[in-house]
Amino acid sequence: MGAFYRLIHAEADGLPGLVVDRFGEVLVVQVRNRGAEEMRGLWLPALIEITKPAGVYERSDMEARSAEGLDKRTGVLHGAVPEVLKVEEDGLVFPVPLALAQKTGFYLDQRENRRLFENMVKPGDRVLDVFSYVGAFSLRAARKGASVLAVDKDLAALAVLERASRPLGLDIDVRGGEALPILEELTSRKKPFNHILLDPPALAKRQDELPWVKRHLVDLLRPSLSLLEKQGWLWLSSCSYHLGVDQLLEVARRAAADQGRRLRVHTITYQPPDHPWSLHVPESLYLKTVVFQEDSLPISSNRHLSSNPVRHPHSQPRLFRGCFPVGQKLFDRIRQRGGDAVLVFGIGQLGAFNLVVAKSNLDQNRGDAGVAQHVQ
Ligand SMILES: C[S@@+](CC[C@H](N)C(=O)[O-])C[C@H]1O[C@@H](n2cnc3c(N)ncnc32)[C@H](O)[C@@H]1O
């Protein structure tokens, strides 16, 4: 893991309210509650004695402190701390100005996802990294030979990305601003992306914010899906405890239905082990990522079948039912013969699907009727 990792993960490490990240010789601490604040005289000397850092910097400027009646505190607590911290991850170096940075300076918790992502990117891929921060995903894609566009509203973070990419001779396009209008504007572009990453901030701070947050995510996902290449990969993360995997799947399902796209769940990942998930502290599971792959069969949503069946103007649709592998073959054969076919999911028993075939170009005797026999 190298010398860049989370050393203390609050409650899940038995130290409620205290977060410590190690960036090489420097520790960055966050004190989030009154208990950790009042015990400062105990944990700080112990931390210094055990880890012997060159410097300790405090970034206790999160909103949660005001709910505890605590003022914000930032600055050097011990030793020497450079103004610009060099954060290294798998050979990439990000020069992060500590005073301007978000949280403790770097999202160490996405390290394993970034490794997985880099393994999946191929030379020549087009990558859209939305909510990029300093572009730790972007830079990995660029060094694999992908062309990359990074989007974030934090201009200081995008400047770090530019400074990190220059010495490597890597060219990454950046767009500073609000993610949603940028995504909507990008939908007019011709070339779709092979990977789209959506790693928003913790949008749902409370349970009652979920309905709004889910609507917002669907809004973000719709243009993202229309920008996604066939069989492309969509990475959707939530770093909010309240927004779990089920909600991520739900918003993706809604957006996919709206866009007439189909997705497979490829992988679901959780935060890495240096950010432990304690069974006894459910809130300590906060980072979830679902990796979807676009499934290139065209579909219509359930709504189409119930309220507005897909019909070819010159024919009556026919309805077939079968299990998925058979359905896939049937679908391919109908299309090879020049027919129009639409797969409709979510109807009937689990695992079953319905297939509506508009028979326009099919040979009546050999075509859809023959294949229908095959599946029934
Ligand atoms: C969880 S961090 C992303 C971390 C990043 N993917 C990484 O691996 O380092 C969320 C990012 O979203 C950005 N952000 C928050 N709201 C935004 C918005 N409305 N539009 C664009 N960026 C936004 C923040 O500036 C922050 O950099």
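Predicted model: local features only at pLDDT ≥ 70, side-chain atom pairs only at ≥ 80, totals over all residues.
Residues are numbered from 1 along each chain as its sequence is written.

Now to the sheet, which is open, has seven strands in the order β10-β9-β8-β11-β12-β14-β13, and shows mixed pairing; strands here are DSSP runs of E with at least two residues, helices are runs of H or I with at least four, both numbered from the N terminus, and two strands pair if DSSP finds at least two bridges between them. Because β10 (173-176) and β13 (262-270) each have a single partner strand, they stand at the edges, and one side of each is left without a neighbour in the sheet.

Within this sheet, β8 (residues 126-130) and β9 (residues 147-152) run parallel and are joined by five bridges, and one of these pairs Arg-126 with Ser-147 in β9.

Finally, helix α4 (residues 111-120) has as its buried residues Arg-111, Asn-113, Arg-114 and Phe-117, buried meaning that 20 or more other C-beta atoms, placed from the backbone, lie within 10 Å of a residue's own. These four cover an arc of only 155° around the axis, which puts them on the same side of α4, the arc being that of the directions from the helix axis to the C-beta atoms.

Note on methods. Buried ≥ 20, exposed ≤ 12 C-beta atoms within 10 Å, placed from the backbone.
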